[in-house]
Amino acid sequence: MVNLTINGKKISVPEGTTIMEAASKNGIQIPRLCYLPNIHEVGSCRICVVEVEGAKTLQASCIAKVAEGMVVTTNSPRVRKARKILYQLIISDHAKDCLGCARSQSCELQQLGKTLGVESQYFEGKPQKQHLDKSLAITKDSSKCILCRRCVTICNEIQGVGVINPQNRGFATVIEPAAELPLDSVNCSMCGQCTVVCPVNALKETDGIEQVWDALGNKSKRVVVLTAPAVRVAIAEEFGCEAGTVATGKLVSALRALGFDDVFDTNWAADLTIVEEGTEFLGRIKAALKGGKAVLPMITSCSPGWIKYIEHTFPAQLAHLSTCKSPHMMFGALAKSYYAEKINTAPEDIFVVSVMPCTAKKFEINRPEMQNGGLPNVDAVITTRELAAMINEAGIDFMNLEDSEFDAPLGFSTGAADIFGLTGGVMEAALRTVYELVTGRELPFPNLHVSPLIGLDMVKEASFKIENPLEEYKFLDGLEIRVAVTSGLKGAKQLLRQIEEGLSPYHFIEVMGCPGGCITGGGQPRSTDPDVRVKRMKGLLKEDEGKRIRKSHENPFIISLYEEFLGHPNGSKSHELLHTHYTPRGIYNEYLTKTVGV
Amino acid sequence: MGEKIVKYPDSLTEEERHKYEQIANIIDLYRDKEGNLIQILHLAQQVYGYMPIELQRFIAEQLDKSLSEVSGVVTFYSFFSTKPRGKHTLRVCLGTACYVRGGKKLVEHLQKVLNVELGGTTEDRRFTFEVARCIGACGLAPTIMIDDEVYKQVTIQKLDAILAKYAN
Ligand code: SF4
Ligand code: SF4
Ligand code: SF4
Ligand code: FES
């Protein structure tokens with residue numbers, strides 16, 4: 001332990017603690033701007049400076065470590081003055097149109113001004129040049145950027161993509177791709193992780209709200225909404241609740257109150273995805289064991305940020321991807337065929353809106369592969385954050401809504417679908433189904449959880465032996481199935497390198513583009529709470545465990561879907577509607593016929 | 001990891017290809033050194049003369065770095081240039097003394113005869129035309145610099161003779 005004094009108070013903390021942590025553990029808050037625990041800890045803004053006795057200069061408390069006998073003052077006149085000046089410099093060239101800014105009231109810069117007690121502006125700087133880059137999923141407005149570099153850290157260090165970096169120097173510095181190319185033309189995965197950490201309105205999702213209001217106002221459209229698993233454990237945070245609060249019932253009521261004609265659940269399609277993907281996996285294993293051609297490991301394909309990433313970074317490995325569309329795309333294809341028939345409505349009169357924790361889905365719905373009969377499978381995507389904004393705009397008192405249930409038939413789901421929103425969840429859901437199909441017995445793990453695959457580590461793996469399979473799966477007897485799970489693109493790179501070198505020991509890999517899975521997707525509520533992932537994870541596990549049915553293939557509405565419409569899994573109708581192919585892009589889009597960028 | 005396969009951009013002239021090969025060797029030499037990027041870029045610019053985006057891309061690929069990181073470094077340091085530079089750097093002092101005592105005229109004249117704007121490089125890549133910082137020779141204004149050579153009390157008449165010295 002190290003003994004020191006902060007603001008006259010004697011304290012003792014473990015070695016290696018930063019001054020900021022030491023202070024906060026003892027009830028002293030130090031103002032900060034760029035610091036984000038576990039994500040951005042490099043001290044670029046210096047707002048957190050404190051006075052350390054004996055040190056000539058003020059110290060950035062988010063990086064300076066405690067030392068024995070240190071005497072720290074966090075709020076001396078010198079410190080307060082320095083912070084104010086730093087703040088004034090930051091805002092001197094900021095486009096300060098708070099009244100017309102979407103981040104007003106949820107802006108860390110605005111909040112900091114209040115904390116520091118800043119009342120007037122000392123420096124009149126020229127506002128930074130306005131450069132609005134509106135890609136299909138991400139909108140970047142450099143006139144709002146305060147160069148805190150959180151996005152740079154997340155894109156380079158955590159996601160390992162490295163699309164954006166500071167370019168130029170001094171007042172000309174901008175956070176941009178090389179040659180200031182637009183995001184749509186470079187290898188951005190559209191994961192949106194940068195939009196979650198941006199403290200101001202410089203990075204956000206590209207607006208989908210207008211389109212949805214228009215559809216809701218159009219009397220000739222039947223507007224169908226579906227919501228992803230991760231939304232239900234996060235949306236309540238936007239209304240002041242603790243992270244991980246499960247608010248499924250209120251969410252459904254809010255969507256109804258907004259005027260959607262059908263309130264369905266992406267989970268229903270997640271169950272369907274498991275049946276399709278599980279069947280595809282068994283097909284590949286069978287082909288491989290019988291000496292045929294089969295590409296293994298098979299890799300999941302439900303995360304569109306991951307898909308765009310692999311198309312850019314490993315264009316030669318696309319055959320490893322499952323051909324399954326992501327659940328909401330499967331849903332859209334069926335809403336405009338199976339469901340349209342059921343309700344006797346022309347597919348072109350159905351407007352499908354997905355509420356997603358994800359920004360990359362905004363890109364995905366624009367892919368030419370994601371159409372059937374000339375109609376896009378899904379018409380609009382809004383993020384969890386955008387849905388909260390719509391609920392506020394409509395004057396709905398979310399926290400006081402009664403709970404209600406999803407509509408049938410595309411609203412019923414099993415527990416396996418809930419965990420789709422969580423790293424390891426798709427794999428676990430698939431194994432629950434595959435194992436039982438093959439052996440006729442339940443997956444032999446306590447409470448159906450494949451424990452090594454649960455948790456937030458970057459790469460996780462598990463293996464188990466197939467024993468005593470059913471007659472038709474005799475060829476699998478004794479096979480040790482090896483699976484791996486990763487979330488975040490850095491982990492994906494690691495597993496793909498292994499595949500490239502021919503060293504991958506796995507049969508099946510799950511990849512989610514965002515660290516932790518969809519629970520911390522690029523469209524989720526922003527939070528500076530480092531435990532937010534754990535809390536949302538627990539929320540989803542609770543949802544799963546509370547379900548009556550917890551295995552996708554037992555979903556009665558999926559069984560009837562096959563009976564009434566699709567025939568059998570991986571059949572010709574499935575292939576037409578539910579499966580897709582991928583586009584080699586290359587880091588510089590060099591494999592696209594129409595080359596964009598450099 | 002095995003040897004990195006060197007992939008050169010398509011459509012390089014023989015001379016360019018030769019330079020790229022040299023740069024590939026530089027990269028090979030410095031690949032495993034900590035903080036190597038600036039050094040490699042520096043040497044690459046010496047070989048190539050400037051840092052076009054294609055060359056940045058080549059270096060990024062060889063080092064397994066992202067292009068935006070490399071271009072971030074190139075655009076940060078003023079000694080890197082993304083446009084081709086002339087064989088010689090011609091700088092006119094625009095300190096107040098030089099400016100009023102003929103510097104302005106020199107700039108206008110040079111723009112005409114060299115057919116290039118300040119900051120640009122002549123068609124034949126002979127000169128890159130820039131502004132010089134005051135070199136403290138205000139008493140002998142106007143001054144110009146070509147590479148490391150300082151010329152004082154330059155007139156338009158003298159200028160043509162000076163330029164002729166750099167004809168090849
Ligand atoms: S980003 Fe924040 S400080 Fe800037 S205009 Fe918007 S609300 Fe105001
Ligand atoms: S969306 Fe993802 S890949 Fe694109 S710039 Fe942001 S963090 Fe990087
Ligand atoms: S875009 Fe946002 S996160 Fe990135 S440097 Fe600017 S203010 Fe910070
Ligand atoms: S919060 Fe410490 S340097 Fe930004």
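A contact means heavy atoms within 4.5 Å. In chain A, residues 24 or more positions apart account for 73% of the contacts with a separation of 6 or more.

## Basis of the model

This is a predicted model, in which local features need pLDDT of at least 70 and side-chain atom pairs count only at pLDDT 80 or more, while totals for chains, interfaces and linings use all residues. Residues are numbered from 1 along each chain as its sequence is written.

## Overall form

Chain A contains 19 helices and 20 strands; helices (H or I, at least four residues) and strands (E, at least two) are DSSP runs, numbered from the N terminus. The radius of gyration of chain A is 25 Å, close to the 25 Å that the globule rule gives for 598 residues, so the chain is as compact as a globular protein of that length. That radius is taken over C-alpha atoms, and the rule is 2.2 Å times the number of residues to the power 0.38. The C-alpha trace of chain A spans about 80 × 55 × 50 Å along its principal axes.

## Burial

Of the 598 residues in chain A, 59% are buried, where buried means under 20% relative accessible area (1.4 Å probe, protein chains only).

## Helix α17

Among the buried residues of α17(A) are A:Val532, A:Arg536, A:Met537 and A:Leu540. The cover over the buried residues of this helix includes α8 (248–258) and α15 (425–439) of chain A.

Key:
Chains are lettered from A and ligands numbered from 1 in the order in which they are written. Side-chain values use heavy atoms; hydrogens and water are left out. Buried means under 20% relative accessible area, exposed over 50%, partly exposed in between (1.4 Å probe, protein chains only).
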